[in-house]
Amino acid sequence: MDRRDGWVILTLNRPDRLNSFNAEMHGRLAGALDEVGADQGCRAVLLTGAGRGFCAGQDLSDRVGPADLGATIDAFYNPLVRRLRGLRKPVVCAVNGVAAGAGANIALACDIVLAARSAKFIQAFSKIGLVPDSGGTFFLPRLIGDARARALAMLAEPLTAEQAEAWGLIWKVLDDAALRGEAEKLTAHLATQPTIGLALTKEALNASAANDLDAQLDLERDLQRKAGSTPDYAEGVRAFMEKRTPTFTGRSS
Ligand code: T3D
């Protein structure tokens, strides 16, 4: 974990295997996310990969013999997606190279996804007889529609970063040389914003897929009540009235 001023960089770091996941890397990432979640001073997270790839999903060299994949998903991948979505601070993902299998869907579980122009997103699962996991069958149809989701999932064709941006799968594609700097700038900016308001926004968006309009309107009311009681809201209004830049603390009192 690379600590910066109010935010951190988490780097998937097994570059000789394109940062594919083994149990140890899962454990380290889970530990880092828990630490970040408990640290009030950390107000944003940047997730990226070391070397030429972002993440190639499960390390298949650990899967040569029989394995209960339901158990490994229960133990590792589902908790990771839940940690990312449940973290009460924004998570930026800088997809620095290929994102395949669970690696692609873990990127999509982050809040704001940037990608290097050379990066590719591959739902590699069907090539080895598996089902898209780590939320792939949830995120894909919602982000890009059923037709594109089905073709990507069944064909496992690489999707370029530019196409991913054009389809609305990710926020932005950037030139390779610019990705890291822009991702750091964005994360540093988010770390100065009203952290509780952003956490409540994340909660509302996370819930929206399962709610009807009435339920979502009620949820927005409840979350807005909480947001409206934060010092950052008071500061935001004061700063607006005084025509100055607000100074947000991200604190509840
Ligand atoms: O198992 C469970 O618990 C259930 C959960 C499953 C989740 C999943 O993610 S299943 C899907 C697993 N991932 C894949 O199927 C992707 C496999 N990798 C690839 O298809 C390709 O490597 C890429 C398209 C990602 C990149 O291709 P390319 O040509 O840029 O690189 P490469 O030469 O294939 O890979 C570079 C090295 O990384 C290579 O090792 P070497 O030959 O230099 O020693 C390659 O074997 C290794 N590597 C890449 N991906 C994986 C991997 N090693 C182990 N596991 C990998 N997933």
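**Figure 1. The shell around the ligand, sorted by residue class.** In this predicted model, the residues around the ligand divide into 13 nonpolar, five polar and six charged ones. The shell has 24 residues in total, and Gln-58, Leu-60, Arg-63, Thr-72 and Ala-102 are the closest. Which elements give two or more residues to the shell? They are helix 2 (69-86) and strand 6 (98-100). Helix 2 provides the largest share, with three residues.

Figure 2. Let us zoom in on individual atom pairs. Thr-72 contributes through its side chain instead, with a polar atom 2.5 Å from an oxygen atom of the ligand. On its own the ligand has 1,100 Å² of accessible area, and the protein covers 64% of this.

Figure 3. What is the bridge partner of Ala-100 in strand 8? Look for Ile-122.

Figure 4. Asn-96 belongs to the loop between strand 5 (91-95) and strand 6. Is this residue buried or exposed? Its relative accessible area is 16%, and buried means under 20%, so Asn-96 counts as buried. The Asn-96 side chain reaches the backbone oxygen of Gly-49 at 2.9 Å. A polar atom of the Asn-96 side chain also lies 2.9 Å from the backbone oxygen of Gly-53.

Figure 5. Strand 5 and strand 7 (residues 112-116) run parallel and are joined by four bridges. For a closer look at this pair, find Cys-93, whose bridge partner in strand 7 is Val-113.

**Figure 6. Strand 3, covered on both faces.** Strand 3 (residues 45-49) pairs with strand 2 in the parallel sense, over five bridges. Leu-10 has Leu-47 of strand 3 as its bridge partner. How many of the five residues of strand 3 are buried? The count is five of five. In a regular strand, side chains alternate between the two faces of the sheet. On one side of strand 3 are Val-45, Leu-47 and Gly-49, on the other Leu-46 and Thr-48, and all are buried.

Figure 7. Asn-19 is not a glycine, yet its phi is positive, at about 55 degrees. Its setting is the loop between strand 2 (8-12) and helix 1 (23-38), and with 0% relative accessibility Asn-19 counts as buried. Ser-134 is not a glycine either, and has a positive phi of about 55 degrees. Ser-134 sits in the loop between strand 8 and helix 4 (136-144) and is buried, with a relative accessible area of 1%.

Figure 8. At 24% relative accessibility, Gly-135 counts as partly exposed. How many residues separate Gly-135 and Leu-205 in sequence? They are 70 residues apart, while their C-alpha atoms are 15 Å apart in space.

**Figure 9. Two nonpolar cores.** The largest core has 58 residues, and those with the most contacts inside it are Phe-21, Phe-54, Val-95, Phe-121 and Leu-169. Apart from this core lies another, of five residues, including Leu-200, Ala-204, Leu-219 and Ala-227.

Definitions and conventions. Residues are numbered from 1 along each chain as its sequence is written. This is a predicted model: local features need pLDDT of at least 70, side-chain atom pairs count only at pLDDT 80 or more; totals for chains, interfaces and linings use all residues. Side-chain values use heavy atoms; hydrogens and water are left out. A nonpolar core is a set of buried Ala, Val, Leu, Ile, Met, Phe, Trp, Tyr and Cys residues joined through side-chain atoms within 4.5 Å. Buried means under 20% relative accessible area, exposed over 50%, partly exposed in between (1.4 Å probe, protein chains only). A residue is near a molecule or strand if one of its heavy atoms lies within 4 Å of it. A polar contact is a pair of N or O atoms within 3.5 Å; within protein, one must be able to donate a hydrogen and the other to accept it, and residues adjacent in sequence count only if both atoms are side-chain atoms. Accessible areas come from the Shrake-Rupley method with a 1.4 Å probe; for residues, only the protein chains shown count as cover. Ala, Val, Leu, Ile, Met, Phe, Trp, Tyr, Cys and Pro count as nonpolar, Asp, Glu, Lys and Arg as charged, and the others, Gly among them, as polar. Two strands pair if DSSP finds at least two bridges between them.
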